[in-house]
There are 2 protein chains.
Amino acid sequence: MSIPPRAPSEAPAPSASAVERRRHRGGTPIQIGLLGCGTVGGGVLRLLADNARYLGERAQAPLVVRRVLVRDLDKERVAECDRALLTVNPADILDDPAIDLVVEVMGGEDPAGAYVTRAIEQGKGVVTANKMLLAMRGPALVDLAIERRVDLAFEGAVGGGIPIIRTLREAFAGDWVESLTAIINGTCNYVLTRMREGGVSLSAAITEAQAKGYAEANPALDVDGHDAAHKLVVLAMLAFGARVDHRAVFVEGIRGIDETDHVFAERFGFAIKHLAIGRDLGASIELRVHPALVPKSSVLANVNGVLNAIHLEGRALGPSLVYGRGAGDLPTAVSVVADILDVARSIVAGVAGLQTRGITMIPRPLLPMSEVTSRYYLRFPVADRPGVMAGLAGPLGEAGVSIEQMVQQGASGSGAAPVDVVMITHRAREGSLREALAQIEKQPFMIAAPRLLRIEDR
Amino acid sequence: MSIPPRAPSEAPAPSASAVERRRHRGGTPIQIGLLGCGTVGGGVLRLLADNARYLGERAQAPLVVRRVLVRDLDKERVAECDRALLTVNPADILDDPAIDLVVEVMGGEDPAGAYVTRAIEQGKGVVTANKMLLAMRGPALVDLAIERRVDLAFEGAVGGGIPIIRTLREAFAGDWVESLTAIINGTCNYVLTRMREGGVSLSAAITEAQAKGYAEANPALDVDGHDAAHKLVVLAMLAFGARVDHRAVFVEGIRGIDETDHVFAERFGFAIKHLAIGRDLGASIELRVHPALVPKSSVLANVNGVLNAIHLEGRALGPSLVYGRGAGDLPTAVSVVADILDVARSIVAGVAGLQTRGITMIPRPLLPMSEVTSRYYLRFPVADRPGVMAGLAGPLGEAGVSIEQMVQQGASGSGAAPVDVVMITHRAREGSLREALAQIEKQPFMIAAPRLLRIEDR
């Protein structure tokens, strides 16, 4: 029989849980506890205030902030923050039975992890923008949320304002993600963009990024690639249903890139981007984070500055890409508020936990890096003397790595002056290439270690 | 008080409607009626079969196709189509009380519109991929769905597999869309890409598109821009909450573009794309569809072939872009299946109609095209004789249109040979520019009508 159209206000006959549901349906507010009130938290308060009427209509209940956990009661806050709501005691939120939904925007693994765990245990819906926490403990938290039948939403954790989690979870529900290629660290992308477009050095570009607030005083988490790896692990949960140990992901940052590499990349028709790559190979998955050359005319090559983008290949959908501001208080806050609305609607509708139950994750083995295949950009700083070409080409040939293009930069014939020999290879197994490079490094003409960059042009 | 965690199976105590809800919660299938079984319909059947277990888990009920409306019972169908389900009688679906959800993938305004209306009136959820129907009657159908408390979902109607409707509806829930710039007709984008990259003529590119199945035998709906205008009207419903008469939207197709324009665009650093543009100006909205020059290094310039992309500017989010296959059976089917899952979940949860109720549309006046401001590319086919420059610059100057760059192509000094004078202007009001062009067209040195293309570089 067909289900007759039904209004939310036409609640079923009373029962303990139906009464609960109807309280909300009648417009009883959804009470929110906010953990953290920095830039993102301030943005969330602002958007909740600015869009209160619209959000209340969509949720079928007003969304009310009841308490805000901070470390310092006296610090200045956004105008939308009612100081009477501030507390330094997490129990005022986590143990308050009136609070339906906890929003965690503190960042870091601890104490955020303990708070989120406690909130879930108390039956509260949780919205978090904390990629580190999710990368470290995501599967356990999702399991707990499923067990306690609450929602755990985390759109803000990856790609700031980019709706990538929603896209993977909802839009791809009828498809399989075969691979993803993402620019998901705004600091790295800003630094590489400035090097490429402005011709500035790596260290100057990092200093610039710090001055603009795009990089931390200690930029290691970003420029060494760990932040991107955290996000990749979260994406792999949704894209491939994979439960992955974040420490097993291959990670390379951008500190090895210099201006010369940008010049050669340009000459070969590429731009250098810092990428997070995932690929479902069936028996295993490939997850890696490193700088790579992408064709200049590709969309990813033209995602510049602090912008982020995630390119997906779906079995049925084919290529798909979402792009936007990957960080910043307001973009991330927009994602957090979208999640708050989702979780609130589920609570009002009495279907809390249904979305999170759609996330299934099983442990998947990672393909060892030596088994990954790629085309490569290789730069050899050599002394310009006879026999160099044979000394480079020999070991590569023996390892089965074939050279597609080669250029030599620097005054040939000037004797001992160092020159750069740069090669683009055909697709090869990384393990084989590494063997060849180990041989080449022993050659007496090598002046410095060779530079290896992967080419992503699939 | 906090809402205790609650399983979907912990249904409230019985009442007429609660019993209905519990029937579904207990796993009673969601019965689907499919209207149309062409390429998209076949793709939907395939994806529902391939992902049956996953979708059933997500929906908390099996999704079962009960009837399929076709015109020809004997035509060959995809393997997933059970011929016993075929019918030529729409009442077998629309008037079957067992059917919960109707999926319309027939296309065209009629009889699809009558069927969708009937399905909504019968209290069935509706998923449609029909942009023409939505552009013509979207607001009335949404109103009807809201009145009858059913969901009307239409992700597949715009941008094929691109989750743009979901992005506007969900991800932007806490933000305002200030503007959108979209490549939403794959045929036009394929033709312009082939002209730009392959140097082929417009007519040859259209023939190629037809041979590849990217263009209809009668390509008018696509190349004249009407298809893009239909989609823009649907996007404006979601992005700006605007109820717009599709006949009032300014529409220009790509038939006026020739190879010469591509050559000049390239020289000035632009690519020519066919765009649909919307902008919320507060008192009015700007909606227009036309070819335009975009900077070569922009992401939109690098969206090629049949790919589509929608760029959004959010007040808080800043720039955001989604990109993918804008057409094709499987990409569109993925969007349709995502919608089926959404609508099914709402039916199972007993909250049918809640999503559609989030769509609010009010009539918004359109900014007249004469009031739109833009930078312009102008090409004047002129006889190469003295006084031409003054004859062009004079009327432009009088109208307040200032010239930023100018080039002359063709052998100067060869007397009567026709040459092209091409200009890039600073930002100007289109009405003023039109006045100047009306003056210029009267000049005796003009050999053909001037070409006007807008530049979109904001």
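I started at L69(A), which sits opposite T87(A) in β3(A). Strands here are DSSP E runs of at least two residues, helices H or I runs of at least four, both numbered from the N terminus. Before going on, I noted that the model is predicted: local features need pLDDT of at least 70, side-chain atom pairs count only at pLDDT 80 or more, and totals for chains, interfaces and linings use all residues. Residues count from 1 along each chain as its sequence is written, while chains are lettered from A and ligands numbered from 1 in the order written.

I then looked up the strand β2 (residues 63-69) of chain A: two bridges tie it to β3(A), and the two run parallel. Pairing takes at least two DSSP bridges. The whole open sheet has six strands, paired in parallel, in the order β3-β2-β1-β4-β5-β6 (chain A). β3 (86-87) and β6 (152-153) of chain A are at the edges with a single partner strand each, so one side of each lacks a neighbour in the sheet.

Next I checked α16 (residues 430-441) of chain B. Its twelve residues should span 16 Å at 1.5 Å a residue, and the end C-alpha atoms are 16 Å apart, which agrees; the expected span is 1.5 Å times one less than the number of residues. In α16(B) I found E430(B), L433(B), A436(B) and I440(B) buried (20 or more other C-beta atoms within 10 Å of the residue's own, C-beta atoms being placed from the backbone). They cover an arc of only 120° around the axis, which puts them on the same side of α16(B); the arc is that of the directions from the helix axis to the C-beta atoms.

Note on methods. A residue is buried if 20 or more other C-beta atoms lie within 10 Å of its own, exposed if 12 or fewer, and partly exposed in between; C-beta atoms are placed from the backbone.
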